[in-house]
Amino acid sequence: MIRPCLISIALLATPVSADVTEAVEAHVLPGYATLVEATARLSETLESTCSGPEVTQAYHTAYDAWLGISHIQFGPIEARGLTLSFAFWPDPKNQTDKALRKLAAAEDPVVNDSDAYAAVSVAAQGFLALERLLYAPPVEGDYACQLTRAIAKRAALNAADLSADWNAGFVEELRSPNAQNASIRSDDEAKRALYTSLATALQFLYDQRLGRPLGSFEKPRPKRAEARRSERSQRNIELSLRALRDLSARLADAPTPRTDRAFDVAFSRLEGIDDPALAGVVDPGKRFKIEALRQDIRIIQQTVAAEIGAELGVGTGFNSLDGD
Amino acid sequence: MPSRRGFLAGLLASGLTPRLSWADAGHPTHLSAAMDPNGAYALYGLRADGARAFRIPLPGRGHAAAAHPTYPEAVAFARRPGRFALVLDCVSGAVRHRLDAPAGRHFYGHGAYAQDGTRLYTTENQIDTGQGRIGIWARDEGFERIGEIASGGIGPHEVLRLPGTDTLAVANGGIHTHPDTGREKLNLDTMRPNLTLMASDGSILDHVALNPALHQNSLRHIAARADGTVACAFQWQGDPFDAPPLLALYRPGQGLRLATPDEITRRAMNAYAGSVGFLATGEVAITSPRGGTLQVFDAQGQFITQYRQPDICGVAETPSGGLASDGTGRIYRLGRRSLTELASHRLAFDNHLIAI
């Protein structure tokens with residue numbers, strides 16, 4: 001699969017930087033491959049049983065796989081309109097709950113048709129919808145079981161589609177950009193797209209995964225922690241950070257000692273936190289560690305911008321930070 | 001040999017003033033404030049092909065500008081909360097006048113000329129009460145301030161003149177701020193933004209708002225067509241993941257109609273529309289520098305398509321379609337179904353493109 005692509009790189013008139021190639025081949029493609037495998041296994045497991053330790057284990061493995069690639073929000077996932085289909089979160093209006101109840105109330109037969117299920121509300125798709133059904137089911141019985149199967153099947157099909165798209169066409173597009181190409185027109189843009197993924201995901205960690213449950217000292221919001229029902233809030237942070245460290249290392253042209261150190265600090269901080277659902281945000285003794293972790297992520301953002309972003313000529317968000 | 005611009009500037013200085021037009025400023029079609037690579041700020045004139053027509057230094061970061069309808073003159077506004085605006089001669093680059101906000105007022109960063117170019121209208125905050133004001137300045141009297149009218153709400157951000165008329169449209173953002181606390185928002189629980197249409201004497205022609213459930217959708221930027229349609233672009237002050245619609249179309253007598261695309265499309269905007277502009281072909285575009293997104297809707301508010309570009313913000317009409325700009329120095333031609341890079345400058349273009 002990979003070899004013919006390498007040959008075409010050699011034929012290019014304009015050199016493609018090693019870092020884009022490496023980021024795609026060693027980070028993006030394996031990330032999708034893992035997701036394909038894990039979601040397929042989850043779907044198979046659910047076909048034979050609808051609950052039990054095998055199911056939860058397959059759920060966690062598949063959700064873990066998603067965290068390895070969830071920061072890639074451009075390319076096929078955007079073209080296919082699947083950016084929210086794997087994880088609909090944050091969900092301040094409780095749309096997942098409403099969408100699942102609505103399907104169940106109507107006993108909507110859409111659960112029997114994977115193609116049609118692609119068109120139901122994204123709030124009733126992906127890992128957060130599965131989590132509701134597995135850990136705090138708003139609906140029960142046979143239909144709930146059919147729903148979990150439909151969601152897992154759809155996730156597996158979506159993952160396969162994305163992986164196929166990357167391997168078939170988009171990987172070439174990213175590695176051999178040209179001016180005629182609509183979405184990626186230069187090597188610089190390919191790098192910028194990857195860098196934007198990195199920067200956006202770090203901001204998401206800071207604002208959402210940590211910022212939402214932390215709320216303010218006077219008003220912590222533990223129920224706003226991501227995937228708290230399956231106690232994955234801390235795990236999601238850790239896995240996301242791991243994926244982002246990998247991407248940043250591959251994207252950089254030169255050594256990035258400050259960024260590496262900043263990631264190390266965050267990982268050792270995580271080792272000292274044992275708070276799967278981040279319920280500790282309400283406890284001043286535990287909260288300060290979570291706040292410190294958030295500050296560690298702020299430092300990662302700054303070192304990434306200085307050591308990787310500056311070199312790519314990526315602006316600091318002249319307008320996006322102005323806010324007027 | 002002196003350049004045409006230099007020659008004209010000389011003529012101007014000698015008092016032999018010919019009737020200058022925008023062509024004498026290098027044929028700009030649009031204006032934008034920008035930051036140079038060395039951190040200096042300036043107002044730029046841009047041509048239809050995205051090339052630079054002129055550069056005039058500014059003492060600080062700009063926001064928007066107002067273009068005189070015929071004479072090559074622009075008013076550059078400082079970033080909110082600004083206390084001054086500069087009237088610039090776009091041929092010589094000279095600062096012709098400096099407008100200082102009266103005591104107890106500050107500017108919001110936008111303004112508009114009257115149809116005949118004799119008056120300038122500016123959006124202002126009456127600081128002690130937070131009430132919005134439209135300042136009126138007389139061009140023929142050296143930009144003397146000759147009066148003011150109520151804006152119809154709190155936090156009037158953009159004012160514009162409906163094409164071919166002297167009717168003013170005011171985007172009252174609804175957010176009360178005080179210069180002592182910078183941009184801190186003082187009334188998020190009670191804010192009630194609106195669009196106010198008024199005659200140039202301040203008499204209210206129409207006054208419309210969104211459903212109260214969307215009262216935290218701050219109306220900041222507007223664009224208008226000759227038929228009286230006003231496109232309204234909002235900035236949501238609630239949870240960004242509420243993902244509310246950020247575009248509404250106003251038609252005289254019909255009020256506001258929200259354009260509500262699907263959830264994914266709404267979320268791509270990060271609850272923030274930075275600019276809005278019509279295309280000559282009738283579509284309307286909104287931008288989100290925070291989402292790195294430009295979205296195009298048809299004249300009825302149906303979503304057509306979107307483009308992803310980091311820090312994209314400025315958008316304005318051209319004779320054939322539209323033009324867009326971003327914080328990395330790029331200028332794009334915007335069509336109904338295309339966004340094509342026209343030019344790339346070593347500049348960071350500020351929030352707005354202003355059509356001349």
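## A facing pair in chain B

B:C232 stands opposite B:A248, a residue of β18(B). This is a predicted model: local features need pLDDT of at least 70, side-chain atom pairs count only at pLDDT 80 or more, and totals for chains, interfaces and linings use all residues. Residues are numbered from 1 along each chain as its sequence is written, chains are lettered from A and ligands numbered from 1 in the order in which they are written, and side-chain values use heavy atoms, with hydrogens and water left out.

Strands β17 (residues 230-236) and β18 (residues 247-251) of chain B run antiparallel, joined by four bridges. Strands are DSSP runs of E, at least two residues long; helices are runs of H or I, at least four; both are numbered from the N terminus. Two strands pair if DSSP finds at least two bridges between them.

## The sheet around the pair

In chain B, four strands form an open sheet in the order β16-β17-β18-β19, with antiparallel pairing. Its edge strands are β16 (217-224) and β19 (255-259) of chain B, each pairing on one side only. On average, neighbouring strands of this sheet are turned by 30 degrees against each other, direction ignored. The axes behind this angle are lines fitted to C-alpha atoms.

## Chain A: helices

Chain A has 12 helices and zero strands. Of its 324 residues, 53% are buried (under 20% relative accessible area, with a 1.4 Å probe and protein chains only).

Consider contacts in chain A, meaning heavy atoms within 4.5 Å. Among those between residues at least 6 apart in sequence, 76% join residues at least 24 apart.

Terms used
Axes are lines fitted to C-alpha atoms, for helices over the stretch in contact, and angles run from 0 to 180 degrees between N-to-C directions. Buried means under 20% relative accessible area, exposed over 50%, partly exposed in between (1.4 Å probe, protein chains only).
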